[in-house]
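Hi,

Here is the structure I said I'd pass on.

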Amino acid sequence: MPLFIVTGCYSTTAAKGMIADPSDREVAAQAIMEAAGGKLHSFYVTTGETDWMAITEFDDGADLVPALLVIGASGAVSNVKTVRAYTGAEFKAAQEKAGK
């Protein structure tokens with residue numbers, strides 16, 4: 001199944017909520033991805049341009065969209081971006097196909 005890397009930033013309101021009531025954000029991310037029919041492989045809090053990164057697996061990119069809509073509608077995050085990730089084997093197969 002395709003892998004997708006999703007990144008985003010926490011809103012000020014979300015940050016205040018996490019300070020007032022700390023929670024495991026990986027558990028929350030996992031619940032959202034599973035509810036949309038996907039799988040969360042890993043979740044990281046990051047520094048730099050974004051505050052978090054999730055590596056997810058979905059049958060299709062369109063299957064990920066409902067999860068992204070829920071995340072965005074929550075108001076807890078902004079600047080959500082998604083990229084398709086390819087394994088080394090998938091990329092090698094693409095190279096071989098390009099050579100034909």
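Below are my notes on the sheet, the helix on it and a few ring contacts.

Some ground rules: this is a predicted model, where local features need pLDDT of at least 70, side-chain atom pairs count only at pLDDT 80 or more, and totals for chains, interfaces and linings use all residues. Residues are numbered from 1 along each chain as its sequence is written, and side-chain values use heavy atoms, with hydrogens and water left out.

Four strands make an open, antiparallel sheet in the order 2-3-1-4. Strand 2 (39-45) and strand 4 (77-85) are the edges; each has a single partner strand, so one side of each has no neighbour in the sheet. From one strand to the next, the twist averages 20°. (Strands, E, at least two residues, and helices, H or I, at least four, are DSSP runs numbered from the N terminus; two strands pair if DSSP finds at least two bridges between them.)

Now the pairings, going across the sheet:

- Strand 2 and strand 3 (residues 52-57) run antiparallel, joined by six bridges; Lys39 sits opposite Glu57 in strand 3.
- Strand 1 and strand 3 are antiparallel too, with six bridges, and Ile5 has Ile55 as its bridge partner in strand 3.
- Strand 1 and strand 4 share seven bridges, again antiparallel; here Val6 faces Thr82 in strand 4.

What packs on the sheet? Helix 2 (residues 25-35) does, touching strand 1 (3-10), strand 2 and strand 3, and its direction makes about 150° with that of strand 2. (Contact means heavy atoms within 4.5 Å; axes are lines fitted to C-alpha atoms, for helices over the stretch in contact, with angles from 0 to 180 degrees between N-to-C directions.) Strand 1 is largely enclosed by the rest of the structure, because six of its eight residues are buried (under 20% relative accessible area; exposed is over 50%, partly exposed in between, with a 1.4 Å probe and protein chains only).

On to the rings. Rings of Phe, Tyr and Trp (its six-membered ring) pair if their centres lie within 6.5 Å; planes under 30 degrees apart are stacked, over 60 edge-to-face and the rest tilted. That rule gives one aromatic pair. Phe43 and Trp52 have ring centres 6.2 Å apart and planes at 15°, so they are stacked. Phe43 is buried at 12% relative accessibility, and Trp52 is buried at 4%.

Finally, Arg84 lies over the face of Tyr86, 4.1 Å from the ring centre (the test: NZ of Lys or CZ of Arg within 6 Å of the ring centre and within 35 degrees of the ring normal).

Cheers
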